[in-house]
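Student: Could we go through this model together? I would like to begin with a helix end and then turn to the aromatic rings.

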Amino acid sequence: MTSTETTILRALIEKENGFVSGSILARSLDMSRVAVWQHMEKMRRHGFEFEAVRARGYRLTKRPDTVYPDLIHAYLAARKLNYDLLYASTIDSTNDEAARQLAGGREAPFAVVSSYQTKGRGRFGRVWHSEANGNLYISFAFRPKIEPARMQTFTLWMGINICELIANFTRTTPGLKWPNDILFDGRKAGGMLTEARMDSDQIRDLVFGLGLNLNSPADSWPAALNKRAISLAEHTNTPLDINKFTAALIGRVLDAYDQFISGDYRKTFADRWHEFDILRGKAIKLLHGTETIAGTASGIDDEGSLIVKTATGRTERFRAGEVTIEKK
Ligand code: BTN
């Protein structure tokens with residue numbers, strides 16, 4: 001059900017910089033003008049600013065720089081999407097919360113978003129630095145009922161979609177480092193973590209987590225990450241509207257998921273990956289289990305495997321592993 005605040009915010013957003021009459025808002029919400037004003041006061045305490053002019057109404061003049069679910073719903077209102085959004089200002093890990101909610105029977109799809117993770121996780125059990133610094137920590141939960149073999153392309157497909165969205169928003173092109181890193185200028189701007197639970201021969205629960213450095217200032221990283229991490233705001237010199245971006249992300253990920261399930265993505269998948277691929281043609285080392293393979297990265301195939309031309313002249317394909325780019 002649409003909340004009162006979502007309805008108010010939707011009306012204000014639709015008017016862009018124009019005024020919305022308080023009495024029209026009150027009538028459409030079937031409440032008094034005082035009650036509308038009380039909702040505006042509540043939103044003011046969360047970082048919104050409204051200009052109120054007698055006989056003209058309200059105008060939205062400032063939006064919060066932290067996640068505000070009602071504003072996300074307002075941005076998404078024009079799309080008839082079937083999703084649920086859970087928000088917690090602090091959480092251990094949005095991936096863990098999504099898994100707990102799935103295990104507890106919550107209907108999918110849904111997303112879990114937080115401003116601060118106390119146990120943010122990356123691949124190989126690494127820590128994902130998750131301060132409340134304007135960055136985004138979000139997980140999407142699905143119940144796909146597909147064969148496990150199909151999962152190999154999932155994170156890559158999501159990565160393509162997220163990079164296309166970032167490119168639209170920032171007018172700059174991020175890079176993808178197989179299989180799950182989003183980069184600007186060789187520095188990490190985002191990471192994806194896909195986790196699944198299986199039932200005999202089917203994927204039962206699927207959690208797709210994204211940590212995206214949206215708005216953290218350059219000097220906010222701990223020393224160890226300083227040269228390795230970057231935010232979109234730092235790269236473009238412009239802060240992003242986290243709620244507008246999150247709304248667009250939710251729409252994009254849900255669409256991408258539907259295309260993934262229907263198989264529609266297959267025809268364009270490898271070509272679209274190559275548009276963002278930062279490894280192609282580079283000398284790399286791939287850590288694969290206990291083995292290290294040196295060679296030249298040569299794109300991905302339709303299955304999402306990394307193609308490597310090894311020093312011995314052989315072409316090999318890898319389904320998993322961790323890549324480092326060799327310094328010249
Ligand atoms: C990686 O690059 O190793 C993947 C990082 C994934 C981090 C995100 S933040 C939201 C979600 N919750 C987590 O605990 N991890 C993912």
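Student: Which residue caps the N-terminal end of α8?
Tutor: D241 does, with a side-chain oxygen 3.1 Å from the backbone nitrogen of N243. A polar contact is a pair of N or O atoms within 3.5 Å; within protein, one must be able to donate a hydrogen and the other to accept it, and residues adjacent in sequence count only if both atoms are side-chain atoms. Helices (H or I, at least four residues) and strands (E, at least two) are DSSP runs, numbered from the N terminus.

Student: What should I know about the source?
Tutor: This is a predicted model, in which local features need pLDDT of at least 70, side-chain atom pairs count only at pLDDT 80 or more, and totals for chains, interfaces and linings use all residues. Residues are numbered from 1 along each chain as its sequence is written, and side-chain values use heavy atoms, with hydrogens and water left out.

Student: What comes just after α8?
Tutor: G263, which takes a positive phi of about 85 degrees.

Student: On to the rings: how many aromatic pairs are there?
Tutor: The structure holds 10. Rings of Phe, Tyr and Trp (its six-membered ring) pair if their centres lie within 6.5 Å; planes under 30 degrees apart count as stacked, over 60 as edge-to-face and the rest as tilted.

Student: Why does the pair of F169 and F245 count as edge-to-face?
Tutor: Because the planes stand at 75 degrees, with the ring centres 5.0 Å apart. F169 lies in helix α6 (residues 154–170) and F245 in helix α8 (residues 242–262), so the pair ties together parts that are 76 residues apart in sequence.

Student: Is F245 buried or exposed?
Tutor: F245 is buried, at a relative accessible area of 0%, whereas F169 is partly exposed at 31%. Buried means under 20% relative accessible area, exposed over 50%, and partly exposed in between (1.4 Å probe, protein chains only).

Student: Which residues do ring pairs link into a cluster?
Tutor: The cluster consists of F140, F154, W157, F208, F260, Y265 and F269. Over the face of F260 lies R150, at 5.2 Å from the ring centre; a charge sits over a ring if NZ of Lys or CZ of Arg is within 6 Å of the ring centre and within 35 degrees of the ring normal.

Student: Changing topic, which residues of α2 are buried?
Tutor: In α2 (residues 22–29), they are G22, L25, A26 and L29. The face turned away from the buried side carries the exposed residues I24, R27 and S28.
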